[in-house]
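Open your viewer and have the selection tool ready. We will begin at a single residue and then step back to the whole chain.

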Amino acid sequence: MENTLKNQIILDSTNDFSEPTLRRLPVYLQYLKTLETRNVSVVSCSQIATELNLNPIQVRKDIETTGVAGKPKVGYELKELIANIEKFLCCHIKNEAILVGAGHLGYALLGYHGFKEFGLEIVAAFDTSPDKVGKFINTKSVFHTDKLEEIIKRMDIEIGILTVPAAYAQKIADRMVSAGIKAIWNFAPVKINVKDGIIVQHENLASSLAVLSKKIELKINKNI
């Protein structure tokens with residue numbers, strides 16, 4: 001596979017940027033692209049911060065991480081800023097991934113076209129349900145999980161996405177790693193353990209919901 005995950009930025013103790021910065025940069029990028037459609041040519045940190053309800057100093061520090069320099073009292077050339085952020089996020093590098101668990105969440109991820117903007121393409125899905133195996137979900141073939149290792153090796157896939165129930169997550173993760181997967185994006189509601197050198201990104205939807213619920217409660221109490 002050309003331009004694989006091995007070419008991408010990997011978070012470790014030697015990097016001079018943080019994971020929160022990496023999480024904010026795609027948000028900036030999406031906003032900047034809306035400005036591009038309006039034929040805007042220059043943008044400032046203050047403008048970005050105001051629109052996204054962030055601190056201008058934080059925005060400036062995040063952008064500085066990408067290596068682009070703004071002009072005093074002017075701001076950033078929009079096209080240059082977009083190009084630098086895309087380069088920093090490795091959007092130009094194509095990474096193919098497989099997804100295991102074609103339930104409601106898996107179905108939604110298979111249909112999300114925004115991944116391609118960041119270089120990710122889900123090329124196949126896996127499940128055990130007779131209602132899904134052998135069919136297509138948003139143009140993606142759904143294979144039985146019995147074929148997981150075979151297809152990972154044949155297609156030289158390095159990224160696996162987990163959207164299975166918690167009880168099956170560790171076993172599927174182990175199979176992914178043994179077949180050659182180098183990074184796992186885990187949406188299962190459980191922490192998985194992998195050997196050193198394997199990247200795991202856990203997405204805990206329950207935690208996000210808890211934060212949202214608490215913010216709603218605080219806002220309601222504030223307005224009483």
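Select Asn186 first. Is this residue buried or exposed? Its relative accessibility is 1%, and buried means under 20%, so Asn186 counts as buried. Keep in mind that you are looking at a predicted model.

Now colour by secondary structure. Asn186 belongs to strand β8, which covers residues 183-186.

Then bring up the surroundings of Asn186. Setting aside neighbours within four places in sequence, you will find Asn186 in contact with Leu162, Ile192, Gln201, His202 and Glu203.

Time to zoom out and select the whole protein. You can trace eight helices and nine strands, and the C-alpha trace spans about 60 × 55 × 35 Å along its principal axes. Of the 224 residues, 37% are buried. Among contacts between residues at least 6 apart in sequence, 60% join residues at least 24 apart.

Finally, colour by charge. How many positive and negative side chains are there? The protein has 28 positive and 25 negative ones, and the centres of the two sets lie 4 Å apart.

Key: Residues numbered from 1 in each chain as written. Predicted model: local features only at pLDDT ≥ 70, side-chain atom pairs only at ≥ 80, totals over all residues. Heavy atoms only, no water. Helix = DSSP H or I, 4+ residues; strand = E, 2+ residues; numbered from the N terminus. Buried < 20%, exposed > 50% of the residue type's maximum accessible area, 1.4 Å probe, protein only. Contact = heavy atoms within 4.5 Å. Lys, Arg positive; Asp, Glu negative; His and termini not counted. Charge placed at Lys NZ, Arg CZ, Asp CG, Glu CD.
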